[in-house]
Amino acid sequence: MFCTYKHIVPIHASFIKNIFILMLIITVSANIAKSNPTTPISRLIAFKRAKSLDNGISISWYEQTWNKDILAKNPLKTADFELLKQLGFKSLRLPVAFAYFESEHIPVEQLFTHIDNFVKQCSQYRFKVIIDYHNGNFNDTNYNTETLKLIDLWTKLAKRYVHVSHDNLFFELYNEPPHMDPQIWKDAAYNIVNAIRKIDKERTLIIGASNYNSIYELSRFVRLADENVVYTFHFYEPFLFTHQGAEWIGDQEATIGVPFPYNAEKFPELNLKAKNTDGEKNYNKYKLDGNEQSVKDKLRIVKNWSDKYYVPILCGEYGVYNKYADVESSCRYIKTVRQALKALNIPGMMWDYNGNFSIFTGEPSIDNLPGCMKDAISSNPQK
């Protein structure tokens with residue numbers, strides 16, 4: 001029976017059941033609307049394209065400003081493409097030192113011709129391609145003029161490649177923005193994106209945070225309004241291991257012979273040059289940082305940020321400076337990072353194919369690929 005203040009009206013049980021079901025539907029729908037708002041199609045496309053970049057590697061040739069043959073030789077020959085394919089790589093990142101070529105008064109069209117050839121070769125071998133603006137001069141003081149230069153360059157590239165498949169070609173706006181006011185960099189990125197969108201509304205763009213694509217800076221970054229963006233970060237943690245002996249870093253990385261993971265018996269003495277530097281701090285923390293769990297925990301920082309905004313992320317660089325790190329430690333580190341990325345569903349790209357972070361012990365070839373590294377970069381490494 002159903003009671004009113006005037007009289008009693010009989011009611012069927014089926015009516016009560018239908019009311020209950022209706023209320024349940026309304027409640028569930030409200031919860032879904034709160035927790036899973038409708039995702040724009042362009043962002044879903046960015047997720048899909050980001051995933052397609054997994055198992056990638058940088059071809060560090062047109063960023064090697066010290067190399068006198070930088071434009072005299074083709075960075076990759078047929079044998080290289082076949083080797084990259086054999087090793088399971090699916091995407092190639094092409095860092096280009098655009099500012100350097102400008103300073104050397106090399107016509108941009110001449111440089112574009114080299115990039116054209118690379119893109120064409122990659123298409124023939126079915127590699128995804130990222131064109132990356134590398135070694136720029138952007139900072140806190142010159143950002144107005146540098147932003148205009150970046151807009152001019154990306155406008156030209158956007159026009160040049162507007163008809164190239166959006167699934168196969170990506171633009172990375174700026175490699176490793178320096179330690180600077182993060183809002184200045186974000187404003188610059190916003191303006192560059194808007195300039196590209198006037199020409200190409202469908203190209204997926206790759207953008208990192210300041211402080212050299214830091215995972216920590218990205219974790220504080222507020223996503224851009226543009227939906228077709230993949231957010232990149234670089235991962236070289238722990239730095240004491242991955243950059244040991246790196247001359248361009250300075251005295252802080254003078255300590256060499258650092259194993260991965262941390263091993264008290266094999267851990268070297270601190271190089272006196274690194275005293276009172278960040279290198280000494282990293283040295284003292286290495287027993288905590290130099291292990292698989294620490295790698296996983298640090299990658300979780302960016303994964304949590306990605307989940308918070310529900311945006312795609314990409315580990316655009318990871319690797320080991322190979323001059324002083326022992327091969328077995330390098331293999332263990334690469335394997336650890338790759339497995340952690342896979343577990344977190346984060347696509348990753350190595351640094352690099354043919355430079356001083358190369359996975360080979362000599363010129364790139366199967367014969368110069370250590371067995372442990374072959375296992376480390378495989379899709380199903382041995383336990």
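**Figure 1. Lining of the largest pocket in the predicted model.** The largest pocket is lined by 45 residues, among which Glu176, Tyr212, Phe239, His243 and Ile249 lie nearest its centre. On a 1 Å grid over the protein atoms alone, a pocket is an open set of points where a 1.4 Å probe fits, with protein on both sides within 12 Å along at least five of seven lines; lining residues have an atom within 4 Å of a point. Residues are numbered from 1 along each chain as its sequence is written. In this predicted model, local features need pLDDT of at least 70 and side-chain atom pairs pLDDT 80 or more, whereas totals for chains, interfaces and linings use all residues; side-chain values use heavy atoms, without hydrogens and water.

**Figure 2. Elements contributing to the largest pocket.** Two or more lining residues come from each of helix 8 (210-213), helix 9 (215-218), strand 8, helix 10 (239-242) and helix 11 (278-289). Helix 11 gives the most, with 6 residues. Helices (H or I, at least four residues) and strands (E, at least two) are DSSP runs, numbered from the N terminus.

**Figure 3. Pairing of strand 5 with strand 6.** Strand 5 (residues 128-133) and strand 6 (residues 169-172) are joined in the parallel sense over 4 bridges. Asp132 stands opposite Glu172 in strand 6.

Conventions: Pairing = 2+ DSSP bridges.
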